[in-house]
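These are my notebook entries on the structure shown below. I kept to what I could look up in the coordinates, entry by entry.

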Amino acid sequence: MKLLTIETTCDETAAAVVTDDLQILSSIVASQESLHEQFSGVVPEIAARAHVERILPVVDQAIQRADLTLDDLDAIAVAHTPGLSGSLLVGLVAAKAICVATGKPLIAINHLHAHVFACRIASGKEIFPCVGFVVSGGHSNFFHCTGATEFKHLGGTIDDAAGEAFDKVASMLGLPYPGGPAISRAALKGDPKAFSFPRPFLRDKERLEFSFSGLKTAVRYAIAGVGKPDFSKLNLSEQQVADVAASFQEAVVDCLVGKAMLALQKTGLELLCVGGGVAANKRLRQRLQESTQEHGYELQIAPFELCTDNAVMGAIASERLQAGMLEDLSLDIIPGLIR
Ligand SMILES: Nc1ncnc2c1ncn2[C@@H]1O[C@H](COP(=O)(O)OP(=O)(O)OP(=O)(O)O)[C@@H](O)[C@H]1O
Ligand SMILES: [Mg+2]
């Protein structure tokens, strides 16, 4: 069976054609990075408008690259939660329109579950049961995953997501958007011990939670002191930027790795599956490898190209199709964040 998958939860307009045995027949991602970089973050209204312009060409290209026509598809799947309302609406309306025009069934995708499922697609191996860990621009959350259609939320951030903290700290340091790749590049020349930033809740062996808001504020005071600084006039040397970047990255990675081990210990599960944009961070990947190995756990991390938003990971919908979990046209978006 062949599925068209659509992803418009945030600022990537993406469509793919995948099969129920997880072959990728095509994948198109139209990034909006250049539209949002001047604001150092995603502007929801701009994102929604850009999705409107791109969604049909992106869907067309995905079908053409797969060398198929709409008639060849067995179902249309769309990410309807979580995300930005305007962005989600564009993808959902496009998916519904194709279903109405073709009579094909509609399938709902949870974007966070899809981030975890990227590990299943890439590894070619069964991943369930596992602890699913989504570290992205909007989320830092754990799930107890017993199957592709059974995810139970275990815990996560109580304020900022890890990716959001990377983006905001990068902006303070005068580094480009998106901040994650810029910080990890700068950190290569920095000393991770130069600044001692907080690791909230890390020693608390009960709390499966993160808080990155205070860490971000600690960086702000370290580089700009008290008062109302003009970050564009800070005049930090290249080495100072590198040291802050490396120390900040190490603090985030310590928290992410520490709580991932706690999630495995608490659930008794043996496999950790990690997805989302921050999972592209090389230091995080290295530290997760080391820690899982040390504690005797298995690890799957989404490959770089499937970490940030894409429609391929929407292949999780094939499991819903097989389970007969179809939607009717009353399917709505569920915007916002899972906390
Ligand atoms: N190498 C990296 N190191 C750290 N963070 C990174 C890296 N590469 C990308 N990121 C971060 O990943 C985030 C984007 O990831 P993703 O596209 O999965 O998020 P999102 O879809 O906006 O959020 P969500 O999935 O929660 O809805 C950005 O915050 C970006 O800074
Ligand atoms: Mg995402």
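**Domain interface.** I looked up the area buried between domain 1 and domain 2 and found about 900 Å², of which carbon and sulfur atoms give 68%; buried area here is the accessible area (1.4 Å probe) that two parts lose on being put together, summed over both. Glu-33, Ser-40 and Ile-316 supply 37% of what domain 1 buries against domain 2, more than any other three residues. The model is predicted, so I note that local features need pLDDT of at least 70 and side-chain atom pairs count only at pLDDT 80 or more, while totals for chains, interfaces and linings use all residues. Residues are numbered from 1 along each chain as its sequence is written, chains are lettered from A and ligands numbered from 1 in the order in which they are written, and side-chain values use heavy atoms, with hydrogens and water left out.

I then checked the bounds: domain 1 covers 2-104 + 309-322 and domain 2 covers 125-306, as given by an automatic or database domain assignment. Their centres, taken over C-alpha atoms, are 27 Å apart. I found 14 residues of domain 1 in contact (heavy atoms within 4.5 Å) with nine residues of domain 2.

Helices (H or I, at least four residues) and strands (E, at least two) are DSSP runs, numbered from the N terminus.

**Magnesium ion.** Which protein atoms are the donors of the magnesium ion (ligand 2)? I found His-111 (NE2), His-115 (NE2) and Asp-309 (OD), lying 2.1 to 2.3 Å from the ion. Donors are N, O and S atoms within 2.8 Å of the metal (3.2 Å for Na, K and Ca), and because water is not among the atoms, sites may look incomplete. His-111 and His-115 are separated by about one helical turn because they are four residues apart in helix α4 (residues 111-123).

**Backbone.** I noted a cis peptide bond between Thr-81 and Pro-82, with omega about -20°, and another cis bond from Tyr-177 to Pro-178, with omega near -5°.
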